[in-house]
Amino acid sequence: MLELKTLREPPPSPWIKINVDAAVRTTEAAGAAVVRDHLGRILAMKTELFHNPEPVLAEANAMLLALQFARDNYWSSVVIESDCLILVNGWNGSSEVPWQSDHIFLRMRDIAPHFSNLVITYVPRVCNYFAHNLVAWAYASSSFGDLTLAEVPDSVCQDHTQWTP
């Protein structure tokens, strides 16, 4: 029997963990990345607007956003958690990469050698609410780019509660 995680777990030291999620609207999409250290402390947050409203592309772009963010901050041991199982399986070779995300995965594979350790893993939505909430809030408030905890309401920064505007 498959047992799903229901609690967010910090990465081992000295790794960092980046939770990602995407949200799609009629003509565009957005992604969010929440970065934590081994103690669970928030190190950084970033949101970005994407100009294609296709859900798989949005989720792949959120993963790419995380990789670029980690590379640009010189984090060498990284766990990326996504609630998009098809992309996680595609990355890890246990299924085909969805054709519409091929070009994004090529960019991700170009970035991957920058890391000493890189793991991309699936996490159920119940463990990914912070990233989910952050991208929903970014849309509602038009807040895209690098963010600080002071800029984001406490009601958004929740691990196990879904934010509603």
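## Burial and the W91–F105 pair

A residue counts as buried when its relative accessible area is under 20%. In this predicted model, W91 and F105 are both buried.

The model holds three aromatic pairs. In one of them, the ring centres of W91 and F105 lie 5.8 Å apart with the planes at 65°, so the pair is edge-to-face. W91 belongs to helix α2 (residues 85–92) and F105 to helix α3 (residues 102–111), so this contact ties together parts that are 14 residues apart in sequence. R109 lies over the face of W91, at 4.1 Å from the ring centre.

## The Y139–F144 pair

Y139 and F144 also form an edge-to-face aromatic pair, with 6.1 Å from centre to centre and 90° between the planes. Y139 has 13% relative accessibility and therefore counts as buried, whereas F144, at 32%, counts as partly exposed. The ring of Y139 has a charge over it as well: the charged end of R25 sits 4.2 Å from the ring centre.

Strand β1 covers residues 16–24, and eight of its nine residues are buried, so the strand is largely enclosed by the rest of the structure.

Strand β1 pairs with β2 (residues 29–36) in antiparallel fashion, through eight bridges.

Methods:
Residues numbered from 1 in each chain as written. Predicted model: local features only at pLDDT ≥ 70, side-chain atom pairs only at ≥ 80, totals over all residues. Heavy atoms only, no water. Buried < 20%, exposed > 50% of the residue type's maximum accessible area, 1.4 Å probe, protein only. Helix = DSSP H or I, 4+ residues; strand = E, 2+ residues; numbered from the N terminus. Pairing = 2+ DSSP bridges. Phe/Tyr/Trp six-rings, centres within 6.5 Å; stacked < 30°, edge-to-face > 60°. Lys NZ or Arg CZ within 6 Å of the ring centre and 35° of its normal.
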